[in-house]
Amino acid sequence: MIALSKPSVGEMRVSCGENLVMRLADASDAAELVDFNTRVFDERITDWTADLVSGTHPSVRMEDFTVVEDTRLKKIVSSVCLISQTWDYSGVPFQVGRSELVATDPEYRRRGLVRKQFESIHARSAKKGELMQVITGVDWFYRQFGYDMGVKLWGSRCVDARSLAGIKNGEVAPYRLRALKAGDEEWIREIYEGVGCGLLYSARRSPEEWTYEFTGRCKHNTRRRAWWVLESTDGESIGYVQYLPCLPLRNFPLLRVSQVELKPGVGYLEVMPSLLRGLWEKGMEMVASGELTCDGLEGLEFALERDHPLFRALGKGQVRELKASPYYIRIPDMIGYLQKIRPALERHLPGTLAEGYSGELKVSFYRGGVRMHFEKGRILTIAPWSPADIWEGDAKMPDSTFLRLVCGWQRFHELADSHADCWGTHEASILLDSLFPAFHGKPWVLA
Ligand SMILES: CC(C)(COP(=O)(O)OP(=O)(O)OC[C@H]1O[C@@H](n2cnc3c(N)ncnc32)[C@H](O)[C@@H]1OP(=O)(O)O)[C@@H](O)C(=O)NCCC(=O)NCCS
């Protein structure tokens, strides 16, 4: 077990016993962090780590890495990185901390080194005013640190080479994909922001972050994205494709497409044959040039949100689904978060059965809860509330069911169906389903 010594985590030099000390990284750790992460993961992580420790990332500084050092051997044996960013909930921006590059040397595992660093990362994230922490990666592990499945990352659906071969050839495609040229970046940004505004959760980009996305990462950083513009034969730009300019995984010979957006007024049915054919040709060119390091391309992977219109435009038999793990989410101060997103919650009511509602809603989390006052569809207060006994409350939501509701993972009636101890009055059920819609999107997180 770890012996915690003063000063406390978050501020930092914490003994982890047996010559192990946890501290914030500094510039002298940069090269070793790159080597360490490459050893624990593989060389697909090397350039990403190098970019993160280079000082050029818009939000990551060396002190956003925690490290555990073996002071006897003078080497890093465990590390975690915090990537701060802005997300948006139905038009309300809020700060998010994304942990990444979570790694422990195999010789030092299962001694609580990551658990200890998460305490520190959570404290640092709170100090930065981040209301939510998110993480992807290994299934289940982060539940131990207060996370639960919250925002879906579903979506990869593959179109295999053999169905692409069936796309009609021999006619002039009315649309084609081309590389970016001057002015496209601004235009892509506008389309992305226009689409994002309509989603329950999306990730925002500051001007520096956009510049970093387009030109900041080094060539072999596996988090780098690239873009093509879809244009008509007379040169009108009608949409864009964001793609991964390397294989998604070693031995995974697919071209991964991570965003497809069309200008308002352009329909998917019209562009699909040209788009699929264009992507397939681009993918084959990337194999020929060595950009995609595989012998042959097996198809296209569309890593898009579950209800992306492109999926509806594809034929049912044309796609193969790949399951992806979700974002694990932590909201340490749920009441503070609800207060922050209050304007968005109010905006969700018009058009639902709860439009114009006046009254009170008390939701019990069994050990604590929240009380909300409504006046003609406005939310006047959102405050902590303690149920006096186990029976009190208009709705009762155990464990992390409320987090799942707030994130749009499941709606109230679904949670009540699957958990015997999740329950609400008829009125409370309608209110909760109206306040918290479902979300099937896929935020483009800053990496
Ligand atoms: C996953 C990984 C980071 C865990 O590091 P670690 O330092 O061993 O983690 P901790 O010891 O702090 O683990 C916290 C708890 O989980 C337990 N745990 C760790 N690995 C576990 C595993 N594979 N299965 C079940 N429990 C595990 C620990 O025993 C500890 O339990 P305790 O707090 O009750 O004692 C490490 O195994 C690793 O580097 N793996 C390869 C890289 C990777 O997959 N990183 C995550 C990518 S997002």
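**Entry 1: Ser125**

I looked up Ser125 and noted that Ser125 is buried, with a relative accessible area of 0%. I take buried to mean under 20% relative accessible area, exposed over 50%, and partly exposed in between, with a 1.4 Å probe and protein chains only. The model is predicted, so I kept its limits in view: local features need pLDDT of at least 70, side-chain atom pairs count only at pLDDT 80 or more, and totals for chains, interfaces and linings use all residues. Residues are numbered from 1 along each chain as its sequence is written, and side-chain values use heavy atoms, with hydrogens and water left out.

I located Ser125 in helix H3; helices (H or I, at least four residues) and strands (E, at least two) are DSSP runs, numbered from the N terminus. Leaving aside neighbours within four places in sequence, I found Ser125 in contact with Leu82, Gly97, Glu130 and Gln133, where contact means heavy atoms within 4.5 Å. Gly97 is 28 residues from Ser125 in sequence, yet their C-alpha atoms are 5.9 Å apart. With Gln133, the Ser125 side chain makes a side-chain to side-chain polar contact of 2.9 Å. A polar contact is a pair of N or O atoms within 3.5 Å; within protein, one must be able to donate a hydrogen and the other to accept it, and residues adjacent in sequence count only if both atoms are side-chain atoms.

**Entry 2: Ser78**

I turned to Ser78, which is found in strand E4 (residues 75–89). Ser78 is also buried, at a relative accessible area of 0%. Its side chain makes a polar contact of 2.8 Å with the side chain of Thr104. Beyond the neighbours within four places in sequence, the contacts of Ser78 include Phe36, Ala103, Leu113, Val114 and Gln117.

**Entry 3: the ligand**

Which residues are closest to the ligand? I recorded that 20 residues surround the ligand, the closest being Val102, Thr104, Arg110, Gly112 and Arg115; a residue is near a molecule if one of its heavy atoms lies within 4 Å of it. Strand E5 (92–104) and helix H3 (113–127) each supply at least two residues of this shell. I noted backbone N or O atoms of Gly112 at 2.8 Å and of Val114 at 3.0 Å from an oxygen atom of the ligand. A polar side-chain atom of Gln144 lies 3.0 Å from an oxygen atom of the ligand. The protein covers 72% of the 900 Å² of accessible area that the ligand has on its own, by the Shrake-Rupley method with a 1.4 Å probe.

**Entry 4: the nonpolar cores**

I then examined the largest nonpolar core, which has 58 residues. Such a core is a set of buried Ala, Val, Leu, Ile, Met, Phe, Trp, Tyr and Cys residues joined through side-chain atoms within 4.5 Å. Among the residues with the most contacts inside the core are Tyr89, Phe402 and Phe436. Helix H11 (residues 401–407) gives the most to this core, with 5 residues. A second, separate core of 33 residues includes Leu247, Tyr268, Val271 and Leu297.

Is Thr401 buried or exposed? I found that Thr401 counts as buried because its relative accessibility is 3%. Thr401 lies in helix H11.

Asn251 counts as exposed, at 73% relative accessibility. I placed Asn251 in the loop between strand E12 (237–243) and strand E13 (254–262).
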